[in-house]
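Please look over the sequence and the model before reading on.

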Amino acid sequence: DEEEPDNVAEAVVRLGARHAVITSVTRDDLDDGGAGHIARTVTAVKQKSRATTVEVLVPDFCGNAGAIATVVDSGAEVFGHNIETVERLHTRLRDKRYSYRRSLEVLQAARRLKRDGFVKSSFMLGCGETGEDVTGTLRDLRAAGCDAVAMGQYLRPRPDNGPVAEFVTPEQFAKYERLALEMGFVFAVAGPFVRSSYRSEDLLAAATVGKRES
C-alpha cells in the first residue's frame, strides 16, 4: 500500500505517540525485503511528528547489505532484529531459510552503519536451552554490537511449532538480565511476559543515559 507510510504517520500524530515501534511481516518476495517501504514509513513519521522516537524491528533481508543500509539511514533511533533463539536450537526451531549467523551479520552491519542510536535484539527462553547457551548468545550479540537485549518466555503459537520445554522462573530471568548488564549491554530486560518491544520507550531512555555515561 503506497499510502501506508503516510497513514502510519497520521496515526502517530492522532495518537500523540512519543515513541513508535514499526515492524512488518517478512517480505522475501520483494527485491529489497520491504526495506524501502519501512524507511519511507519512518521518514513520514519523523516529518509529521518530529519529537516522536522510532524503533524498527526488521527481518534479515536475506543478508542484503543495501536493504540494511536503507533502514539504518531512515533515522530510526533503534534498529532491531531478533536472533529468536540460542545457536544450538536455531536450526531445529527456525525455518531453514534463516540462520543464526546471518542474523548476527545483520546486527553487525547495522552497528557499523549506525553511528548514532542503538542496535537491539531479542530471543525466547524455555525452548530447551541451557545457561551456557544463553550466555553464549548474549556474548555473540554483544560482539555483534548490540546495545540492548530482551529475553522472554516462549509460548507455542501452533501445534506444528516446537513444544515449550520449560517455563523459566522469574528468578532465573532476573539472573539473565543481570548477566546481560554485566556483559556490557546498556539496557537489558528479561521476564515471562517480555516480548521484542516490551518497555521499548523505557529501553531507549535508559540506553541513552547508559551510552552517555560510558
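Predicted model: local features only at pLDDT ≥ 70, side-chain atom pairs only at ≥ 80, totals over all residues.

## Salt bridges across the chain

Side chains of opposite charge can pair when their charged atoms come close.

One of the pairs is Glu 201 with Arg 18, whose closest N and O atoms are 2.9 Å apart. This pair links distant parts of the chain: Glu 201 sits in helix 8 (residues 200–213), while Arg 18 is in the loop between helix 1 and strand 1 (19–23), 183 residues apart. Glu 201 is partly exposed, with a relative accessible area of 31%. Arg 18 is exposed, at 61%.

## A network of three residues

Arg 101 forms a salt bridge with Asp 140, with 3.8 Å between the closest N and O atoms. Here too, distant parts of the chain are linked: Arg 101 belongs to helix 5 and Asp 140 to helix 6 (residues 131–143), 39 residues apart. Salt bridges with shared partners join Glu 87, Arg 101 and Asp 140 into one network.

## The loop between strand 2 and helix 3

Asp 60 and Arg 102 meet through their side chains in a salt bridge, at 3.0 Å from N to O. Asp 60 lies in the loop between strand 2 and helix 3 and Arg 102 lies in helix 5 (residues 100–113), so the pair ties together parts that are 42 residues apart in sequence. Asp 60 has a relative accessibility of 3% and counts as buried.

Phe 61 is placed in the loop between strand 2 (53–57) and helix 3 (65–72), and Cys 62 lies in the loop between strand 2 and helix 3. Most residues other than glycine have a negative phi. Is Phe 61 buried or exposed? Phe 61 counts as buried because its relative accessibility is 4%, which is under 20%. Cys 62 is partly exposed, with a relative accessible area of 44%.

Glu 3 counts as exposed because its relative accessibility is 54%, which is over 50%.

Methods. Residues numbered from 1 in each chain as written. Heavy atoms only, no water. Helix = DSSP H or I, 4+ residues; strand = E, 2+ residues; numbered from the N terminus. Buried < 20%, exposed > 50% of the residue type's maximum accessible area, 1.4 Å probe, protein only. Salt bridge = Lys/Arg side-chain N within 4 Å of Asp/Glu carboxyl O.
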